[in-house]
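Subject: Structure handover

Hello,

My notes on it follow below.

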Amino acid sequence: MERFHATTIFAIRHNSAAAMAGDGQVTFGNAVVMKHTAKKARRLFQGKVLAGFAGSVADAFTLFEMFEGKLEQVNGNLPRAAVELAKEWRSDKVLRRLEAMLIVMDKEHLLLISGTGEVIEPDDGMLAIGSGGQYALAAGRALKKYAGGSMTAKEIAKAALEIAADICVYTNSHIIVEEL
């Protein structure tokens, strides 16, 4: 059975700022672009948390709702909410079958959450997921290293996604950037 997939998210913490960018493409199977303007990066918990998804769209919406519920339960403590979601996601037989990944961030933390129970905080303040994720991550690292002083977190996030969109057929250049 064919599935809808939403693809590329890039997040960065740079110079005391945080930004997350997502492209707008939703692909049905491997051959059809169904939507160009999906919003994959969202604000949660009174606008204090950013979350972005890659993977199956319906699964991602389920995870957004669950994660927001965990944030409410722990009064916005991002690491604790991430661990609680990962534990439930990994241990529940139905949730284990979800095909999506999340990147979540606030002003202090940047985390990747997966269905295998992983909660990972990167060493370099950057994460990317989805089909174009590795392209965006490589571009983001180069931009931060060679132009970091002259670019903001928002500018690096947008440029990294633009570069990924030029390379990856599952990533488009309708980019939405959220920043904290």
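One definition comes first, for the helix packing: axes are lines fitted to C-alpha atoms, for helices over the stretch in contact, and angles run from 0 to 180 degrees between N-to-C directions. Please also note that this is a predicted model.

**The helix pair**

With that definition, α3 and α4 pack at an angle of about 135 degrees, and their axes are 8 Å apart. Angles over 145 degrees would count as roughly antiparallel, and 65 to 115 as roughly perpendicular, with the rest oblique. So α3 is oblique to α4. Their crossing is right-handed.

Which residues make the contact? From α3 come Tyr-135, Ala-136, Ala-139, Gly-140, Leu-143 and Lys-144. From α4 come Ile-156, Ala-159, Ala-160, Ile-163, Ala-164 and Ile-167.

Next, the strands. Four of them form an open sheet in the order β11-β2-β3-β12, and the pairing is antiparallel. At the edges are β11 (126–129) and β12 (176–179), each of which pairs on one side only. On average, neighbouring strands here are turned by 10 degrees against each other, direction ignored.

Both helices of the pair pack on this sheet. Helix α3 (residues 133–147) touches β2 (9–14) and β11. The direction of α3 makes about 160 degrees with that of β11. Helix α4 (residues 153–167) touches β2, β3 and β12. The direction of α4 makes about 155 degrees with that of β2.

The pairings, from one edge to the other:

- β11 and β2 run antiparallel and are joined by four bridges. Phe-10 has Ala-128 in β11 as its bridge partner.
- β2 and β3 also run antiparallel, with six bridges between them.
- β3 (residues 17–22) and β12 pair in the antiparallel sense over four bridges. Here Gly-22 stands opposite Ile-176 in β12.

Is β2 enclosed or open to the outside? Five of its six residues are buried, so β2 is largely enclosed by the rest of the structure.

**Positive phi**

Most residues other than glycine have a negative phi. These residues have a positive one:

- Asn-15 has a phi of about 50 degrees. Asn-15 sits in the turn of the hairpin formed by β2 and β3, which has two residues between the strands.
- Gln-46 has a phi near 60 degrees. The residue is in the loop between β6 (41–44) and β7. Gln-46 counts as exposed, because its relative accessibility is 62%, and exposed means over 50%.
- Asn-75 has a phi near 55 degrees. Its place is the loop between α1 and α2. Asn-75 is exposed too, at 66% relative accessible area.

**The cores**

In soluble globular proteins, nonpolar side chains tend to be buried together. The largest nonpolar core in this model has 23 residues. Phe-67, Leu-71, Leu-102 and Ile-113 have the most contacts inside it. At least two residues each come from β7 (49–56), α1, α2 (78–91), β8 (100–105) and β9 (110–113).

What does Leu-102 touch, leaving out residues up to four places away in sequence? The list is Gly-52, Phe-53, Leu-63, Phe-64, Phe-67, Leu-85, Leu-111, Leu-112, Ile-113 and Ile-129.

Another core lies apart from the largest one and has 20 residues. Among them are Leu-143, Ala-153, Leu-161 and Ile-175. Leu-143 is also one of the α3 residues in the contact with α4.

**A buried lysine**

Last, Lys-70. This residue is found in helix α1 (residues 57–73). Is Lys-70 buried or exposed? Its relative accessible area is 12%. Buried means under 20%, so Lys-70 is buried. Beyond residues up to four places away in sequence, Lys-70 touches Ala-81, Glu-84, Leu-85 and Glu-88. Leu-85 also touches Leu-102.

Best wishes

Definitions and conventions:
Residues numbered from 1 in each chain as written. Predicted model: local features only at pLDDT ≥ 70, side-chain atom pairs only at ≥ 80, totals over all residues. Heavy atoms only, no water. Buried < 20%, exposed > 50% of the residue type's maximum accessible area, 1.4 Å probe, protein only. Contact = heavy atoms within 4.5 Å. Pairing = 2+ DSSP bridges. Core = buried A, V, L, I, M, F, W, Y, C linked by side-chain atoms within 4.5 Å. Parallel < 35°, antiparallel > 145°, perpendicular 65-115°, else oblique. Left-handed = near helix turned anticlockwise from the far one by under 90°.
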